[in-house]
Amino acid sequence: MNSIFSIHTVRFIALVFVQVLILNHINFLGYINPYIYILFIALFPVKNNRIILILLSFLLGITIDMFLDTGGIHAGASVLIAYARPVILKSSFGTVYEHQSVKFNTVDFGSKLTYFTFLTVLHHFVLFTLEIFSISKIILIFQKTLFSSIFTILLSVVVTIIFSRKPK
Amino acid sequence: MQQIINFIIRNKNFLLFLLLFGLSLLFTIQTHSYHKSKFINSANFLTGGVYNSLNNINSYFDLRSQNELLSEENKRLRVLLRNSEIHADSVFTDSVMFKQLYRFYTANIIKNSYSFSNNILTINKGRNDSVQQDFGVISSKGIIGIVDKTSANYAAVISILNTTSRISAQLKKSNHFGTLTWDGKSPEYNQLIDIPKIAPVSKGDTIVTSGRSSIFPKGVPVGIVEDFKLDLAENYYEINVKLFNDMTSVEHVYIIENADKEEIENLLSNN
């Protein structure tokens with residue numbers, strides 16, 4: 001238990017720093033940035049308490065918001081995906097999730113990709129809706145969601161492959 | 001009572017989600033109105049400190065170009081200084097008039113931002129350096145923004161690349177004034193609206209600040225007219241202004257304090 005706790009603390013801090021110090025300065029084509037801090041929410045142990053996850057997501061989001069001066073948009077989007085995670089888990093992993101035995105190191109690549117995609121697109125859509133905050137610019141919202149999602153998903157998959165321990 | 005408690009326990013996840021999501025919405029809405037973002041801003045000890053140490057490293061990489069900018073400005077100021085010395089002999093100056101109207105402070109931008117629709121910068125001067133809310137911020141090339149929140153050592157600046165920013169600006173040649181806004185699209189352009197139709201606008205005209213507020217002095221450069229069209233009501237021009245500043249790479253800035261600001265504001269608020 002203690003090691004799980006420390007792993008997630010380190011992951012939390014590392015993701016915040018990587019996001020704030022490196023990824024927010026990419027600005028590919030002027031506005032496309034990946035937001036891979038949501039990996040923390042995606043890879044949180046399935047069995048753990050949902051309340052803790054929702055609270056931690058809020059904390060994560062508000063930390064990012066504080067660095068970026070964006071009010072509460074990251075917090076809102078993170079809390080939403082933390083709350084919606086069981087539904088997304090169920091739809092992407094199916095019966096494996098029902099048996100409560102999802103381990104992110106061992107599941108097959110296809111369903112992991114679906115899981116990341118659902119989570120990222122939902123997060124980014126809420127994020128950019130809150131950021132732009134105007135229905136008349138819905139095209140811009142979709143555009144930003146699409147491009148940033150592609151970037152985030154690619155990066156998330158690469159990061160999980162690099163940092164995953166080989167299943168013995 | 002028992003049922004209410006049961007309901008809360010059964011739906012605790014959902015209620016917590018609603019609470020936190022509502023809180024985030026509240027913070028988000030606050031940032032959309034001027035001077036309202038209370039808690040969550042980057043001018044605090046933690047985020048300011050992190051950005052400051054990052055800036056210490058990053059600033060080495062463009063030392064050369066920043067030095068060139070500064071020496072260019074020095075050259076321009078030297079020319080001004082020489083010219084004013086020549087004039088000084090022939091003009092009678094009353095020593096009472098020697099009060100400084102505008103005070104300047106130097107600062108560095110430690111967090112730049114230009115890819116959102118509401119961009120806020122962080123600078124490394126704060127209340128301890130007597131920087132306060134509503135001071136203007138300019139660079140050697142032109143206008144940057146207005147100080148919003150301050151902490152002891154840092155301040156958050158509302159960039160001109162912020163859809164809530166409203167700054168009074170005018171045509172340099174004819175004193176017709178309007179409001180400088182941003183449509184959230186390109187960091188190279190700002191929009192000047194409410195210029196009366198009668199104004200003689202043409203492509204390439206210079207836009208400067210108008211000095212009609214107590215924040216910026218008159219004549220701080222903003223940019224040049226790229227293109228312009230009449231608005232929907234056909235009474236006012238909407239002008240696309242190409243900024244002098246490359247907002248994606250600014251570092252050394254000046255903070256402007258208007259020494260008479262309090263007096264002007266008291267006067268206005270009494271009416």
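**View 1. Chain B is split into three assigned domains.** The assignment for chain B lists domain 1 (2-31), domain 2 (45-86 + 95-163 + 249-270) and domain 3 (167-243); such bounds come from an automatic or database domain assignment. A word on what you are looking at: this is a predicted model, in which local features need pLDDT of at least 70, side-chain atom pairs count only at pLDDT 80 or more, and totals for chains, interfaces and linings use all residues. Residues are numbered from 1 along each chain as its sequence is written, while chains are lettered from A and ligands numbered from 1 in the order in which they are written. Chain B holds five helices and twelve strands; helices (H or I, at least four residues) and strands (E, at least two) are DSSP runs, numbered from the N terminus. Of the 271 residues in chain B, 33% are buried. Here a residue is buried if 20 or more other C-beta atoms lie within 10 Å of its own, exposed if 12 or fewer, and partly exposed in between, with C-beta atoms placed from the backbone.

**View 2. Domain 2 of chain B meets domain 3 of chain B.** Taken over C-alpha atoms, the centres of these two domains are 22 Å apart. In this view, 19 residues of domain 2 are in contact with 16 residues of domain 3, where contact means that the C-beta atoms, placed from the backbone, lie within 7 Å. On the domain 2 side, two or more residues each come from strand 3 (136-138), strand 4 (143-150), strand 5 (155-162), strand 12 (252-258) and helix 5 (261-270) of chain B. That side divides into nine nonpolar, six polar and four charged residues. For these classes, Ala, Val, Leu, Ile, Met, Phe, Trp, Tyr, Cys and Pro count as nonpolar, Asp, Glu, Lys and Arg as charged, and the others, Gly among them, as polar.

**View 3. Six strands of chain B close into a barrel in the order 1-2-5-4-3-12.** The pairing is antiparallel; two strands pair if DSSP finds at least two bridges between them. Neighbouring strands of this sheet are turned by 45 degrees against each other on average, direction ignored. Axes here are lines fitted to C-alpha atoms, for helices over the stretch in contact, and angles run from 0 to 180 degrees between N-to-C directions. Follow strand 1 (residues 102-111) of chain B to strand 12 of chain B, and you will find seven bridges joining the two.

**View 4. Another barrel of chain B has the strand order 6-7-8-11-10-9.** Six strands close this barrel, with antiparallel pairing. On average, neighbouring strands of the sheet are turned by 40 degrees against each other, direction ignored. Strand 9 (residues 206-209) is joined to strand 6 (residues 167-171) by three bridges and to strand 10 (residues 221-230) by three bridges. Ile207(B) is a handy landmark: it stands opposite Leu171(B) and also opposite Gly223(B) in strand 10.

**View 5. A UniProt span of chain B.** The unreviewed UniProt entry lists residues 109-257 of chain B as "domain: Rod shape-determining protein MreC beta-barrel core". Positions are given in the numbering used here, feature names are shortened, and annotations may be inferred rather than shown by experiment. In the model, the end C-alpha atoms of this span lie 17 Å apart, and the span is 0% helix and 50% strand.

**View 6. Chain A touches chain B.** Contacts link 28 residues of chain A with 26 residues of chain B. Helix 3 (50-68), helix 4 (73-93) and helix 6 (109-132) of chain A each give two or more residues to the chain A side. The largest share, nine residues, comes from helix 3 of chain A. By class, the chain A side has 16 nonpolar, eight polar and four charged residues.

**View 7. Two loop residues have positive phi.** Most residues other than glycine have a negative phi. Asp69(A), in the loop between helix 3 and helix 4 of chain A, has a positive phi of about 55 degrees. Asp69(A) is buried, with 28 other C-beta atoms within 10 Å. Asn175(B), in the loop between strand 6 and strand 7 (177-181) of chain B, has a phi near 65 degrees. Asn175(B) counts as exposed, with 10 C-beta neighbours inside 10 Å.

Terms used: Two residues are in contact if their C-beta atoms, placed from the backbone, lie within 7 Å.
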